[in-house]
Amino acid sequence: MCEVADDELLTREVRDWKGVHVICDAPSACSQKVITALVTKDIPWEYKRIDILTRENRLDFFMGVNPRGVIPVLVNDGRVFIESCEIVKYLEDAFPGHGPELYPRSLRPNIDKLLEMEDNTHTHRNVFSHAGYLLPVRLAIKQWFSKEQLDDWLRKSPGDVRSAKGVSQSKEEHYAKWDRLYKNNGASPAMLLEAFAEVDKFYTHIEGLLGKNSFVHGDQLTLSDIAVVIGVNRLTLS
């Protein structure tokens, strides 16, 4: 469970928030994962938008909520949770009896493995979607997220959330991914080929599972299905 510790939460006002709040940007795939789980389970929630295109996730308010500076963040009665895959798992235990069971105990090892695979695919998918093809355009248009801004984030961010176990990437790994793209002014042909191969391997695996089952893990809708559908939608938009 990726919960931000009290001494790492600098934006103290969120401690007073009642109910479920999602701080995110709805078009982002990771945000959609959490939103879809909430809607599917019929959990009341409130949307608090952070516009990542204008870098609101780098402002003091958000950095004080999540020192990693990435969305989404879920706040439940003042408790702060980060990392989309961990948030959707948390919802199952925090809201028993709400909607369908998306993270059944008997399937949790399989779901955990699939979510990890999909999360890795998300990184590769970014290479040939917004990072690979659109990054050079963004660099030309006011450098909305320049190399200098990336370096500034690395300096200012307190670093990895110490209390958050199970984060998919350390801050340094996250930085290295983007730095690699900036050094190449976008994705190089070799990076694109690597990304295509990894994404193809993942979805070939999914096709094999769905050839035998109604859903990824059998006849029951789970968090794995939500992650896969959102990933396919992002590929379509790419």
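Author: A residue is called buried when its relative accessible area is under 20%, exposed when it is over 50%, and partly exposed in between, with a 1.4 Å probe and protein chains only. By that criterion, 51% of the 238 residues of the protein chain count as buried. The model is predicted: local features need pLDDT of at least 70, side-chain atom pairs count only at pLDDT 80 or more, and totals for chains, interfaces and linings use all residues. Residues are numbered from 1 along each chain as its sequence is written, and side-chain values use heavy atoms, with hydrogens and water left out.

Helices (H or I, at least four residues) and strands (E, at least two) are DSSP runs, numbered from the N terminus. The protein chain holds 9 helices and 4 strands, and along the sequence they follow the pattern β-α-β-α-β-β-α-α-α-α-α-α-α.

Two strands are taken to pair if DSSP finds at least two bridges between them. The 4 strands form an open sheet in the order 2-1-3-4, with mixed pairing. Its edges are strand 2 (46-49) and strand 4 (79-82), each of which pairs on one side only. From one strand to the next, the twist averages 20°; axes here are lines fitted to C-alpha atoms, for helices over the stretch in contact, and angles run from 0 to 180 degrees between N-to-C directions.

Strand 1 (residues 20-24) runs antiparallel to strand 3 (residues 73-76), and 4 bridges join them. Val20 stands opposite Asn76 of strand 3, while His21 has Val75 as its bridge partner there. Strand 3 also pairs with strand 4, in the antiparallel sense and over 4 bridges, with Ile82 of strand 4 as the bridge partner of Val73. These two strands form a hairpin with 2 residues between them, and Asp77 in the turn has a positive phi of about 50°. In a regular strand the side chains alternate between the two faces of the sheet. Both faces of strand 3 are covered: Val73 and Val75 on one side are buried, as are Leu74 and Asn76 on the other.

Helix 1 (residues 29-40) lies across strand 1 and strand 3, at about 160° to strand 1. Contact means heavy atoms within 4.5 Å. Leaving aside residues up to four places away in sequence, Val34 touches Val22, Pro72, Leu74, Ser84, Ile87 and Val88.

A nonpolar core is a set of buried Ala, Val, Leu, Ile, Met, Phe, Trp, Tyr and Cys residues joined through side-chain atoms within 4.5 Å. The largest such core has 26 residues, and Val34, Ala37, Leu38, Leu74, Leu91 and Leu223 have the most contacts inside it. At least two of its residues come from each of strand 1, helix 1, helix 3 (84-94), helix 4 (108-128) and helix 9 (223-237). A second, separate core of 14 residues includes Cys2, Val14, Val80 and Ile82.
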